[in-house]
Structures are given as structure tokens and as C-alpha cells.
Amino acid sequence: MKVRESSIGAFAVQCGKCEKWRLIPTQEEYEEIRANFIEKPWFCDDQYNVDCDDPADIELDNTRTWVIDKPNLPKSPAGFERGMTIRSDHRRLDVFYRAPGGKKVRSPADVEKFLETNPDYKAAGVSVSDFKFISPKIMENTIPEGVVGSSQKRMKMDDDFIDDM
């Protein structure tokens with residue numbers, strides 16, 4: 001299956017009160033919200049100078065592909081950045097982590113090899129269990145028209161986080 005590297009254009013979270021979508025300025029801030037979402041649901045007034053009376057920052061529509069992350073995925077380990085590639089048929093995303101220095105790790109086995117060759121990270125407490133390769137779900141109704149093989153079951157809007165791809 002052919003994959004292409006895709007950058008995330010924005011991070012968004014849905015308010016637990018008004019259900020409006022709010023843009024989150026950084027991946028780090030988004031990961032912090034996502035990591036604690038079940039214990040601490042997110043509301044518009046959690047963001048500086050925003051409340052439920054303000055218009056949504058972004059609307060769920062088909063002008064871009066949207067994906068939903070699972071709540072409570074842990075933050076990326078310090079120095080690592082979580083990324084994704086979307087398959088050309090838009091059926092799924094493949095998760096990877098970019099290590100300091102730019103090396104990509106794509107699986108727990110890759111992480112183990114990285115930690116063996118970089119023992120300073122292991123000594124600092126980084127372990128394989130800190131990496132979650134759980135792929136977000138793609139919102140079917142946001143897949144561009146004409147994408148071959150994208151006729152999968154439509155998702156319900158009962159999940160709380162969407163990354164904008």
C-alpha cells in the first residue's frame with residue numbers, strides 16, 4: 001500500500017459544553033489536553049479569551065481530511081514528536097515518532113533498537129511503553145472525492161478529539 005507523508009495543518013478540540021471546535025496552537029498543548037481528557041474534559045473557557053458564545057474556530061466539513069484521536073493517549077516522550085502518514089486510499093494513518101536528530105521510529109521494535117543505541121534516553125526513564133502507535137480514525141465524510149478505496153463505514157461523532165490533516 002502506497003503511503004504519503006502528510007503534515008497536520010491544525011490541532012482542534014471540541015468543547016464539552018457547546019460542542020464548537022477550537023484550534024489548539026501547538027501539538028504539545030494538544031497532546032496535554034488529549035492525555036488528560038477523560039479526567040479533565042476540555043471547555044471553551046479553558047482557552048485564554050474564549051467562551052462558548054464565541055463562534056467556532058473551525059467547522060467540521062469536507063474541505064480537509066479530519067481524523068479523531070483516542071482520548072487519554074499519553075504525551076510524546078520529551079524530545080520526540082508524534083507524526084502520521086496517511087495512506088493514499090485514506091483508509092488509515094500510520095503513526096511514527098521522530099526522535100531527536102530526526103530518526104523515525106515506526107514500531108515498538110524500532111523504539112527498542114533506538115533505546116539500545118541511545119542509552120542516555122533509557123537512563124532518563126524513556127521506555128518502549130511511552131510510545132503509543134494507535135492510529136487515529138479517519139472521518140469518512142471528510143475524505144476528498146475521488147479517492148479510490150475510501151468507502152469505509154462512516155464514523156459517529158461521539159469521539160472528542162480531531163486532528164485536522
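Cys44 is buried, with a relative accessible area of 0%, where buried means under 20% relative accessible area, exposed over 50% and partly exposed in between (1.4 Å probe, protein chains only). This is a predicted model, in which local features need pLDDT of at least 70 and side-chain atom pairs count only at pLDDT 80 or more, while totals for chains, interfaces and linings use all residues. Residues are numbered from 1 along each chain as its sequence is written, and side-chain values use heavy atoms, with hydrogens and water left out.

**Cysteines**

- A search of the whole structure finds zero disulfides, a disulfide being counted as a pair of cysteine sulfur atoms within 2.5 Å.
- Cys15 is in no disulfide, and its nearest cysteine sulfur, that of Cys44, lies 3.6 Å away; Cys15 is also buried, with a relative accessible area of 2%.
- Cys44 is likewise in no disulfide, and for this residue the nearest cysteine sulfur is that of Cys18, 3.6 Å away.
- In general terms, a disulfide is a covalent bond between the sulfur atoms of two cysteines.

**The chain as a whole**

- The chain has three helices and nine strands, where helices (H or I, at least four residues) and strands (E, at least two) are DSSP runs numbered from the N terminus.
- Read from the N terminus on, the elements follow the order β-β-β-α-β-β-β-β-α-α-β-β.
- Of the 165 residues in the chain, 39% are buried.
- Among the contacts in the chain with a separation of 6 or more, 66% come from residues 24 or more positions apart, a contact meaning heavy atoms within 4.5 Å.
- The accessible surface of the chain comes to about 9300 Å², and 48% of it belongs to carbon and sulfur atoms; such areas come from the Shrake-Rupley method with a 1.4 Å probe, and for residues only the protein chains shown count as cover.

**Nonpolar cores**

- The largest nonpolar core has 17 residues, and those with the most contacts inside it are Phe80, Leu93, Tyr97, Phe114, Phe131 and Ile138; a nonpolar core is a set of buried Ala, Val, Leu, Ile, Met, Phe, Trp, Tyr and Cys residues joined through side-chain atoms within 4.5 Å.
- At least two residues of this core are supplied by each of β5 (81–87), β6 (93–98) and α2 (108–117).
- Apart from this core lies another, of 10 residues, among them Ile24, Tyr30, Phe37 and Cys44.

- Strand β2 (residues 10–14) is largely enclosed by the rest of the structure, because five of its five residues are buried.
- Ala10, Ala12 and Gln14 on one side of β2 and Phe11 and Val13 on the other are all buried, so that both faces are covered.
- β2 and strand β3 (residues 21–24) run antiparallel and are joined by four bridges, and strands count as paired if DSSP finds at least two bridges between them.
- The bridge partner of Phe11 in β3 is Ile24.
- Six residues lie between β2 and β3 in their hairpin, and Glu19 in the turn has a positive phi of about 65 degrees.

**Strand β6 and its partners**

- β6 is mostly covered, with five of its six residues buried.
- Six bridges join β6 to β5, and the two strands run antiparallel; Glu81 stands opposite Arg98 in β6.
- The hairpin of β5 and β6 has five residues between the strands, and His90 there takes a positive phi near 60 degrees.
- β6 is also joined to strand β7 (residues 104–105) by two bridges, again in an antiparallel arrangement, and Val105 in β7 is the bridge partner of Tyr97.
- Five residues lie between β6 and β7 in their hairpin, where Gly101 in the turn has a positive phi of about 95 degrees.
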